[in-house]
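User: I am new to this structure and would like to begin with its aromatic residues. Please take me through them step by step.

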Amino acid sequence: MAEATTQVLIFTYGTLKQGHGNHHLIQDLILQQDAISLGFHVTHQPHPLVIGLHGIPYLINLLGHGHQVKGELYSVSTRGLVRLDELEGISIGHYERLPIELYEEGKEGVLVAAEAYFAHRSFGERLWERKGKVGLTEFGEEEGKGYVRIEDRPHGCDIFHDITSFLSNNSEEL
């Protein structure tokens with residue numbers, strides 16, 4: 001870890017996981033000594049995990065709904081956290097970083113307090129409802145194939161406009 005930095009535990013459940021579209025950022029943080037992998041973890045309580053527009057996975061802050069979600073835990077420096085927050089659109093209200101309780105996969109007795117990126121409260125619950133209140137236990141290889149990286153999305157794509165349109169539209173597609 002980089003010297004004189006605070007460590008934050010970050011639970012990744014989507015595109016930041018190994019083998020997915022944004023894991024390159026985690027790899028870079030590890031190379032820069034701004035992150036350390038702490039292995040596979042599972043949410044202590046069920047949370048909704050859905051896939052939205054462009055194959056973007058969203059954990060939704062509705063404790064007790066959905067399923068226990070599998071992911072990876074990283075210890076991240078404050079410098080690394082700035083980069084993750086930027087990717088996740090914290091400053092523009094795409095995601096918000098909130099507390100979550102986890103346990104290491106296979107070790108249910110020991111809880112770990114961490115943070116995760118949740119769909120912003122302005123649309124998260126409505127997205128869960130719009131997706132039929134059906135969620136995933138894991139963003140896996142098949143789900144990852146549907147993810148469209150930012151640079152590969154249509155020019156001028158506005159994720160908030162697209163989310164708002166989907167939430168107000170009766171169409172089944174997302």
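**Aromatic residues and the annotated site**

Analyst: Phe-123 is buried, at a relative accessible area of 3%; buried means under 20%, exposed over 50% and partly exposed in between, with a 1.4 Å probe and protein chains only. The model is predicted: local features need pLDDT of at least 70, side-chain atom pairs count only at pLDDT 80 or more, and totals for chains, interfaces and linings use all residues. Residues are numbered from 1 along each chain as its sequence is written, and side-chain values use heavy atoms, with hydrogens and water left out.

User: How are the rings of Tyr-58 and Phe-123 paired?

Analyst: Rings of Phe, Tyr and Trp (its six-membered ring) pair if their centres lie within 6.5 Å; planes under 30 degrees apart count as stacked, over 60 as edge-to-face and the rest as tilted. The centres of Tyr-58 and Phe-123 are 5.5 Å apart and the planes stand at 85°, so the pair is edge-to-face.

User: Which residues form one aromatic cluster?

Analyst: Tyr-58 is buried at 1% relative accessibility, and Tyr-95 is buried at 5%. The cluster consists of Tyr-58, Tyr-95 and Phe-123.

User: Which residue does the UniProt annotation "active site" cover?

Analyst: UniProt positions are given in the numbering used here, feature names are shortened, and annotations may be inferred rather than shown by experiment. The annotation comes from an unreviewed UniProt entry, and the residue it covers is Glu-88.

User: What is the relative accessible area of Glu-88?

Analyst: Glu-88 counts as buried. Its relative accessible area is 10%.
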